[in-house]
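Here are my notes on this model. Please read them with the structure open.

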Amino acid sequence: IPPEEPESVLKSLARVAARKECWLISLFGCGVDPTLEAFGGLWGVSYLRQVLGWSKSSATLGTSLVVASAGIATICAGVYSSSFRSQISVMCGACVLGLSTVVLTIVADIPV
């Protein structure tokens, strides 16, 4: 049996772009990821040090844990959402949980 010819990258991308679920997930990612990157990469350590008075090592650790936790949570949410027919509820729940954690951490001024 001769091997099947692999599908071109452009055809694969066209098939993905044709699915409305992919557009929703892409828009969701574009809305969530910049917030995480802005906090983690641009001003997370500075904010925690200047506003909350954390030490440099604590602020760095806290910011790194936010990014690492997001990576772990993404995998867990993917596994968890596989058991639902609609992933929208899992996506919205993950957003609410993540936002409430950040707000509680900043508002409650949890010492580190």
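1. First, the term. On a 1 Å grid over the protein atoms alone, a pocket is an open set of points where a 1.4 Å probe fits, with protein on both sides within 12 Å along at least five of seven lines. Lining residues have an atom within 4 Å of a point. A volume is the space filled by probe spheres set on the points.

2. This is a predicted model; local features need pLDDT of at least 70, side-chain atom pairs count only at pLDDT 80 or more, and totals for chains, interfaces and linings use all residues. Numbering starts from 1 along each chain as its sequence is written, and side-chain values use heavy atoms, without hydrogens or water.

3. The largest pocket has a volume of about 1,600 Å³. Its lining counts 46 residues. V32, A70, A94, C95 and G98 lie nearest the centre.

4. Which helix gives the most to that lining? It is α2, with 15 residues. α2 (20–50), α3 (56–81) and α4 (88–108) each supply at least two. Helices here are DSSP runs (H or I, at least four residues), numbered from the N terminus.

5. The chain has four helices and zero strands. Its radius of gyration, taken over C-alpha atoms, is 19 Å, well over the 13 Å that the globule rule (2.2 Å times the number of residues to the power 0.38) gives for 112 residues, so the chain is more spread out than a compact globule. The C-alpha atoms fill a box of roughly 65 × 25 × 25 Å along the principal axes.

6. Of the 112 residues, 11% count as buried, meaning under 20% relative accessible area with a 1.4 Å probe, protein chains only.

Note on methods. Buried < 20%, exposed > 50% of the residue type's maximum accessible area, 1.4 Å probe, protein only.
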